[in-house]
Amino acid sequence: MITRSLKRITSVWIITVLVLFVTAIIFGITMRFNQGKDLTMSPVGFYSLMTTHGITMIGIWAAAGLVAVNYLLGRYVKVSVSLNVFAFVTTVIGVLMIWATTFIGKYHAGWTFLYPLPLQVAWAKWATPVFLFGLGILGAGWLIWSVGMLLQILSKYSLKQAFAWQHFSKNPAVETPPLVLISTVSLIGIIVSLLTAVILLVLYFLEYFSGGNFTNDPLLMKNLTYFFGHTIANESLYLGLAAVYELMPESSGRPRFKTTWYVALAWNCTLVFILTAFFHHLYMDFVQPVGFQMIGQLASYFASLPAAAVTAFSVIALVYRGRIRWSLTNTLFFIGIMGWLIGGIGAVIDATVSNNMILHNTLWVPAHFHTYNAMGNVLFCLAFFNWVAHEFAGTQASVKSFRLTTVLLLIGGFGFVLMFYLGGAYSMPRRFSVYPQEFTHAAILASLGAWFATVYLVAIVLIFANIIKKCLKVFSPSFSS
Amino acid sequence: MVNGQAGKINPKFREFNYGLSSGKVCLITDAGRRQFHYNKSNEMREHAILLTIFLVAATAISLFFFFIYRSSLPEDGKGMVNAGKKRLFFALILASVLIILLTVTLPKSPYFLFADETPAKVVYVAARQYSYTMSYQAIDPKSAGRSDTIELPVNQPVEFRVTSFDVNHGFSIYNDRAELVTQTQAMPGYVNRLRWVFTEPGTYNVLCLEYCGVGHPIMRTSFTVK
């Protein structure tokens, strides 16, 4: 049941996410202009901004996926608005704490806060515990929210049905909607990654407050960090895909997707692959057991199989000669699938151990993750935002008004990531505030990247402007649910 | 020869003297060990090949999606015929490509490189914010800071034993054309052993590729291959 209060909190989330998104894009553009020597920042200023940019982007798009799934699950199960509001409050508190550490305390250990860098205090002393507490509050809110959503699914579907296992036999008595299946898989991944974050934070605090009596194991901490970071970033994308499955056919005037045996198989496999692929972040740590490194490449490779052969193929089959009624919503879904696949190619290249030796932590890394985020998951979520905004306003998506937006998005988005790919192919390191002289093309690539990102930003602002008025209608006294 | 045990030395990483005492530190497992001659003189070619593969694949996907989009516009579209067969065919092709790529690339993983060869030189590397110490002798963290001038032989296997005395760093070797040749991580409490054969003489720069704090981009050292 989608209630008025669910619509209102969804609207608040959408506006918050978009405001933070525009702000974080500006942070990113500022960093690229600094690398391009078009403006000059202090190194501390650069890395504080880098930390803020990373944690904000990861946070808002994980939140956006949860918001979308929470709203759409309301079609199938009873959802809790209270938990949603609770998560919003903890998110706001967490973000304010984290931003205070980076902007006031000059904390700059990066969003991955790789052990033991946060403990080598090179900023205000209070910033490290406040950053970790802020992350803990934010994570606790999402953990409770995610567990709540999973329990709500399980109150209607058995665990086997939530995983759609009955679809492995003919004529299943109960149909599990794709949204429920994908939400189950993704929420489990999110919950596991957040629980890992809890362990990680506890270990940090044990060392921080032990007065030197307790020291963590750096390899264990690295594994925990990347398990958490990789999993939450990827599950965010899968939450976005849940919205694609639910809304792409509906917004295109085509029959809805149904769960079949291969859809069920694909998403069950995806859960396994996504929980083991994180090992590819540790390829260059040769003390990691070799078996884990092999699992990392196998999982990274085979994660692409269900993604391409089931999800992407289903969208292509839906669109091909499908007499599609194109709107901003399904256009964003469609481009998002394309961006996701292109980013996936870049990711698979990097997830090959022998390639990783010459690509690890070069600009190839931000290249591929910006591709499947900025041109993939972000577009899935924006499509949901646009669809739900029209639902709030009771209007139909216009067919013509989005062409300029689409062109700006494509030119800006792909131009922006192309500069990263070229930088990666030229061996340029990531996370350098300025580049040494030997990287002769680094500054010009950074400048061009910043200008392309500015074009992308214009497209985002246009989408935002289109959405915000409709979202605000839910607060009108005359609004009817 | 090295054995296959795990590489942990001492969790109290500020106090250890690595590489000499135990013989436990190793990245190379006996399983999968193989003779493997790896010519790395063409770094630029490798980077160019990877970029080309990516750009060709990205262009093909973009054109394919444009074609799919165009096909959706006519009013007389009848949808995809035999979608199930096409999906199965596509999945089989993709799975075959992935298996072939895995078979080709996994043996080239750095964990198996030069595993059966005895290094002509061993270089000890200790990273710290924001410098490297490189020495032919094991480095005592209490007196770290003095580097040897490192000269390595061309076309012979050498081994770097890399650790860190504070946070995670990178140990990333660039040739004089600023092309990344190979790398490993410098992790506190652990020693990563990187084996390599330099096929080109010249000066090689070492940069940090793991974000380690505000001095990250200025952290560097160099050595010579003759």
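Author: Let's start in a loop: A:K37 sits between α1 (4–35) and α2 of chain A. Helices here are DSSP runs of H or I with at least four residues, strands are E runs of at least two, and both are numbered from the N terminus. This is a predicted model, where local features need pLDDT of at least 70, side-chain atom pairs count only at pLDDT 80 or more, and totals for chains, interfaces and linings use all residues. Residues are numbered from 1 along each chain as its sequence is written, chains are lettered from A and ligands numbered from 1 in the order in which they are written, and side-chain values use heavy atoms, with hydrogens and water left out.

Reader: What is the phi of A:K37?

Author: Most residues other than glycine have a negative phi, and most peptide bonds are trans. A:K37 is not a glycine, yet its phi is positive, about 65°.

Reader: And which peptide bonds are cis?

Author: One runs from A:Y115 to A:P116, with omega near 0°; A:P116 is in the loop between α3 (81–103) and α4 (127–154) of chain A. Another is the bond from B:Q129 to B:Y130, with omega near -5°. B:Y130 belongs to the loop between β1 and β2 of chain B.

Reader: That takes us to the strands. What is the strand order in the sheet of 4 strands?

Author: Strands of a sheet pair through backbone hydrogen bonds, either parallel or antiparallel. For pairing, DSSP has to find at least two bridges between two strands. In chain B, the order is β2-β1-β4-β7, an open sheet with mixed pairing. β2 (131–135) and β7 (192–197) of chain B are at the edges with a single partner strand each, so one side of each has no neighbour in the sheet. From one strand to the next, the twist averages 25° (axes are lines fitted to C-alpha atoms, for helices over the stretch in contact, with angles from 0 to 180 degrees between N-to-C directions).

Reader: How many bridges join β1 and β2 of chain B?

Author: β1 (residues 121–128) pairs with β2(B) over 5 bridges, in the antiparallel sense. Within that pairing, B:Y124 has B:S135 as its bridge partner.

Reader: Where are the edges of the sheet of 5 strands?

Author: This open sheet, also with mixed pairing, has the order β3-β9-β8-β5-β6 in chain B. β3 (151–152) and β6 (180–186) of chain B are its edge strands, each pairing on one side only. β5 (residues 169–174) of chain B runs antiparallel to β6(B) over 6 bridges, and B:G170 stands opposite B:Q185 there.

Reader: Now the interface. How much area do chains A and B bury?

Author: The size of an interface is often given as the accessible area lost when the parts come together. Chain A and chain B bury about 7,500 Å² between them, 71% of it on carbon and sulfur atoms; that is accessible area (1.4 Å probe) lost on being put together, summed over both parts. A:F286, A:M357 and A:I358 supply 11% of what chain A buries against chain B, more than any other three residues. In contact terms (heavy atoms within 4.5 Å), 83 residues of chain A meet 87 of chain B.

Reader: How many salt bridges cross the interface?

Author: Side chains of opposite charge can pair when their charged atoms come close. The rule wants a side-chain nitrogen of Lys or Arg within 4 Å of a carboxyl oxygen of Asp or Glu, and it finds 1 across this interface. B:R220 pairs with A:E438, the closest N and O atoms being 2.8 Å apart.

Terms used:
Buried area = accessible area lost by both parts, 1.4 Å probe.
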